[in-house]
Amino acid sequence: MASYKLSINGAMHAVEADPKMPLLWVLRDLLNMTGTKYGCGMSQCGACTVHLNGNAIRSCSMPVSAVGNQKITTIEGISSDNTNAVQQAWIAEQVPQCGYCQSGQIMSAVALLKRNPNPTDRDIDLAMQGNICRCGTYPRIRKAIHKAAAMLKQPPAKSF
Amino acid sequence: MQQKNSINRRAFLKLSSFTSAALTIGFYFPALAEESTILTAATAEDLGIVLNAFISIDKSGKVNIINHRAEMGQGAFQAVPQMIAEELEVSLDKVSIAFGPGHQTKYGGSQITGGSSTVRGAYKHLLRTGATAREMLVEAAAKKWGVPATECYALDGKVIHRPTNKKLVYGELVEEAAKLTPPKQVALKERKNYTIIGKPLPRQDTPPKVNGKAEFGLDKKLPGMLYAVVERCPYFLGKVKTYNDSVVKTMPGVKHVFKVQMPVFDTLREGIAIVADNTWSAMQARKALQVEWDTTGFEHLDTAALYNRMKEDLRKPGLSQRTGGNFDATYDKAAKKLEAIYETPYEAHACMEPLNCVADVKDDQITVWGPIQGPDWIQRDLAERFKMPMENITVHMTFLGGGFGRKAFTDYTTEAVLISKEIKAPVQVVWTREDDMTQGPFRPGAVYECKAGISDNGRITAFQTKMAAQNMDHQWPHADKSNFNGSTTEGLPEVFINGLDHYSFSDIPTESPIPVMWWRSVYASTNGFAYESFMDELAHAAKLDPLDFHRLQLRDERAEALMQMLEEKTGWRTREKNSGWGMAITECFKSMVGEAVKVSKQPDGKLKIDRIVAVMDCGWYVNPDIIRAQVEGSIVMALGAATTHETHFTDGKAVETNFHQYHMPRIMDVPDIEVYIMENEEKPGGVGEPGLPPFAPALCNAIFDLTGKRIRKLPFNMNEV
Ligand code: FES
Ligand code: FES
């Protein structure tokens with residue numbers, strides 16, 4: 001056991017954890033932040049995607065001891081009232097079915113758009129290929145990312 | 001079907017925020033009645049009747065619905081409020097919906113979300129419930145004003161007096177309306193007057209699913225809850241011989257280690273439960289566990305041997321489900337004859353949310369929370385197993401991170417209850433992805449032998465199929481294994497079978513210890529591939545265009561309309577020959593779906609899917625966007641089972657343990673999917689499953705059109721055709 005101070009969604013959180021415990025389980029079981037999902041535990045499905053200093057990573061494969069003072073962002077930090085453009089595009093395109101993979105999908109999409117505000121279909125496919133959706137929402141994800149990219153280019157209008 | 005049930009009434013009162021100042025009505029099924037009866041909550045309470053599903057309108061005019069179906073992605077959370085809002089004449093934002101706790105009799109027998117039945121099973125009762133509440137509000141207003149009810153109408157949450165334009169909002173009327181007796185007859189709106197039903201309105205469960213707030217089973221936490229994982233025998237029938245937990249018990253966070261037996265059909269799956277104070281500690285400790293399994297006394301199958309046996313079995317006479325005329329004699333005389341064998345694989349459900357269940361056993365109460373497709377079944381099952389009265393058992397449904405049939409089963413809930421009982425504390429049992437993928441039950445693989453004779457003018461004169469596959473029904477305790485499989489025709493349009501004079505559909509049940517279970521669209525998921533690939537082969541043998549060939553066999557107005565739509569939307573008539581187009585039509589759960597696929601070869605020789613067009617005829621429907629989403633999802637799931645994944649067995653164990661071996665379609669594998677919905681007044685059919693079966697044959701028929709290569713075995717590799 002060791003003590004860690006983690007910067008998550010802009011706030012500091014102190015936890016006592018085994019150094020090898022993956023960030024996923026620290027978030028879910030120790031900090032009760034259950035928006036980040038467990039899907040495979042081996043970097044294969046993307047359900048556990050969070051941001052580390054703005055980059056999408058698989059939290060199931062990141063030991064808490066490796067986080068250090070890097071900034072963690074989880075789905076809860078994207079916005080809790082769905083004001084983020086990606087969330088709005090997801091609602092507009094009615095992407096989720098069961099919804100279980102969607103936290104991870106949104107985290108990957110937000111990271112993509114930060115890096116590349118004008119992604120092509122090909123860019124989207126490459127950035128999103130690590131995220132499985134068993135419900136098959138892929139075509140809608142592609143549309144929603146294009147929509148979010150367009151929304152982000154508009155001067156900030158009123159939210160809808 | 002009347003039953004006093006204090007626990008559920010309490011739950012109901014809480015969930016519906018029911019007060020005497022609200023109008024609460026719902027329906028129930030009197031014993032042996034075909035029609036439901038609608039009662040107010042007060043009357044139901046006096047009579048001791050538990051209502052099936054109910055709506056409650058409070059003084060602010062808000063409408064609460066207690067949902068009777070699981071929400072696993074299929075959109076019940078949207079379809080049910082849309083139906084109620086339409087007939088009640090309120091806007092959809094006034095309507096909210098909550099899960100109904102599991103109760104066996106409360107929902108007219110079955111609360112399982114399966115068979116694509118959410119809308120199909122209850123639509124009339126839901127519409128009538130909404131309309132009845134509306135009429136009672138109108139009557140209450142008329143009384144207040146002292147005018148005839150016929151002069152009043154309801155619109156947008158208000159009752160309006162036509163001659164004077166006086167208005168009263170529902171909230172002001174609920175108290176009066178609650179005292180009225182629900183009318184026996186109510187007029188339902190005509191489809192042309194719908195403003196909510198039939199519209200692609202956004203789902204109410206979307207917002208919490210884009211910000212992490214939706215609570216799935218795995219997200220459920222209780223005070224003092226512990227976490228368990230179970231090392232279950234990797235062999236389907238193995239037993240624990242010995243185990244060594246000396247190291248495990250010293251590992252950080254570990255609280256308990258003990259043996260559990262989980263019932264799976266009529267067998268017991270043995271395992272060692274490890275309970276710890278968080279999921280990861282339990283998983284880590286499990287790695288240190290040493291178990292010796294007793295694997296004697298049953299067959300250690302592997303896939304090759306299993307499929308050889310299924311193929312051998314096809315030589316035996318089948319157990320007949322349906323026969324007519326004289327197949328053999330007609331086949332012998334046919335102008336053209338064709339026969340072919342098709343193979344389909346075993347599959348894991350692989351829901352994105354692995355199985356899990358929270359259980360809390362206290363003295364004489366069992367409470368479970370989880371991603372559960374059949375809460376009433378779980379309640380009854382737990383009552384029987386633990387010899388407790390039904391009312392002491394409460395089953396809470398969370399959102400389901402996928403279900404596809406797997407989460408309708410009772411094994412994982414029973415196991416969680418056993419573990420909570422043993423440790424005397426609330427516990428969450430977490431299945432790792434590996435557990436979820438290797439333990440089954442699986443979709444059964446199947447081998448088919450199809451034979452048909454065609455006349456000179458292209459009509460099928462004799463048609464026979466034999467299926468060798470495990471029969472799911474044969475697994476239950478005391479099952480009669482001489483029973484035929486009742487699903488051998490599933491997937492074939494009923495009008496196709498009706499058009500046959502000489503036919504036979506039968507099966508040879510495969511004996512195997514592998515547990516099998518419903519998987520999205522059940523046997524239609526494999527039948528569809530065999531039957532519609534065969535139809536394509538027959539069309540080519542008859543030298544007819546596949547769509548024209550279908551037209552010759554499906555002589556029915558409704559089917560014709562669907563085929564016309566498919567023809568139009570694909571540009572079927574103007575397509576080039578051998579340009580990579582294939583089509584298929586199947587029917588299951590009372591919906592017919594036609595799909596067409598266009599494939600091409602890339603410069604590197606790999607196949608690419610260019611277009612997917614689907615036409616769904618599910619009759620009367622509620623929300624076209626949900627239907628489109630369900631068809632899209634069905635197609636992606638079918639694509640995986642056709643081209644990327646399969647569960648193999650060696651030495652009696654499942655081989656594929658996680659997504660590095662069980663490959664899922666990824667975003668780049670899936671092009672845009674065009675979905676069209678037929679408009680008609682037919683009875684509603686299912687929408688969650690029927691889009692799946694026609695995809696694999698349409699794809700393979702397209703590949704044949706492009707390459708001349710016939711695919712008769714799934715899965716196949718798109719890069720190696
Ligand atoms: S749970 Fe981390 S990638 Fe699947
Ligand atoms: S929405 Fe269900 S897995 Fe993606």
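**Notes on chain B**

1. Let me begin with a helix pair: B:Ile378, B:Asp381, B:Leu382 and B:Arg385 of H10(B) meet B:Thr413, B:Thr414 and B:Val417 of H11(B), contact being heavy atoms within 4.5 Å. This is a predicted model, where local features need pLDDT of at least 70, side-chain atom pairs count only at pLDDT 80 or more, and totals for chains, interfaces and linings use all residues. Residues are numbered from 1 along each chain as its sequence is written, chains are lettered from A and ligands numbered from 1 in the order written, and side-chain values use heavy atoms, without hydrogens or water.

2. The axes of H10(B) (residues 375-385) and H11(B) (residues 411-423) come within 10 Å and cross at roughly 45°.

3. Helix H16 of chain B (residues 557-570) has 14 residues and reaches 20 Å from its first C-alpha to its last, close to the 20 Å expected at 1.5 Å a residue (1.5 Å times one less than the number of residues). Its buried residues include B:Leu562, B:Met563 and B:Leu566, buried being under 20% relative accessible area with a 1.4 Å probe, protein chains only.

4. At the start of H16(B), a side-chain oxygen of B:Asp556 reaches to within 3.1 Å of the backbone nitrogen of B:Arg558. Just after H16(B), B:Gly571 takes a positive phi of about 70°.

5. Finally, is B:Asp245 buried or exposed? B:Asp245 counts as buried because its relative accessibility is 15%.

How values were computed
Buried < 20%, exposed > 50% of the residue type's maximum accessible area, 1.4 Å probe, protein only. Helix = DSSP H or I, 4+ residues; strand = E, 2+ residues; numbered from the N terminus. Polar contact = N/O pair within 3.5 Å; in protein donor to acceptor, adjacent residues only side chain to side chain. Axes fitted to C-alpha atoms, helices over the stretch in contact; angles between N-to-C directions.
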